[in-house]
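User: I would like a close look at the aromatic residues of this model. Please go through them in one connected answer.

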Amino acid sequence: NHWPSQSNPDDDRMAAAQALVEMAEHTLIADMVIAAGDFNTADDDVLNGITEKLLPVFYDAEAQARAQGVALWPGTYNFRGVWGSLDHIFVLKAAVPTGLNWESVLIRHQNLLETRVWNGIPEQHPRRFDVSSGHGYSDHLPLSMSVSL
């Protein structure tokens with residue numbers, strides 16, 4: 001998934017959420033459905049596709065891991081000095097295999113951070129890719145989870 005950015009109306013992300021739920025509901029109940037990517041949904045979105053559409057039918061892997069006490073990096077994205085997670089891994093609740101290990105969830109940050117100054121304060125950010133130098137990675141940190149079936 002790569003939902004419309006925050007520069008788009010919340011309605012656009014709600015439509016993406018509805019499409020994802022409809023696709024997931026059309027799978028066989030025995031199938032495991034994992035949706036991952038940049039969902040571009042902030043907690044303060046007036047219309048929030050994650051809380052209103054996805055969480056009733058999907059588990060949020062990062063939230064499940066944090067609830068089990070897994071120590072994770074504060075988020076996948078740093079915007080104006082505040083870490084958050086625009087990136088998610090969702091697992092369809094109706095088809096979660098027995099013994100799914102939420103403790104394997106990881107926000108990878110080792111060697112992927114750089115220090116930048118914002119408002120006079122140095123802080124760590126994901127090392128963005130710079131096309132002119134060919135160095136860097138992304139403005140988001142990768143989120144991973146191991147699944148054994």
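User: Which residue lies over the face of Y59, and at what distance from the ring centre? Please go on from there to the aromatic pairs.

Analyst: The model is a predicted one. The residue over the face of Y59 is K93, at 5.4 Å from the ring centre.

A pair of aromatic rings is described by the distance of the centres and the angle of the planes. W3 and F39 make an edge-to-face pair, with 4.7 Å from centre to centre and 70° between the planes. This pair links distant parts of the chain, 36 residues apart: W3 belongs to the segment before α1 (10-25), and F39 to the loop between β1 (34-38) and α2. W3 is buried because its relative accessible area, 4%, is under the 20% cut-off. F39 is also buried, at 0% relative accessibility.

F39 has a further partner in F90, again in an edge-to-face pair, here with 4.9 Å between the centres and 90° between the planes. F90 sits in strand β5 (residues 87-92) and F39 in the loop between β1 and α2, so this pair ties together parts that are 51 residues apart in sequence. The relative accessible area of F90 is 0%, so F90 counts as buried. F39 thus pairs with W3 and with F90.

Note on methods:
Residues numbered from 1 in each chain as written. Predicted model: local features only at pLDDT ≥ 70, side-chain atom pairs only at ≥ 80, totals over all residues. Heavy atoms only, no water. Phe/Tyr/Trp six-rings, centres within 6.5 Å; stacked < 30°, edge-to-face > 60°. Helix = DSSP H or I, 4+ residues; strand = E, 2+ residues; numbered from the N terminus. Buried < 20%, exposed > 50% of the residue type's maximum accessible area, 1.4 Å probe, protein only. Lys NZ or Arg CZ within 6 Å of the ring centre and 35° of its normal.
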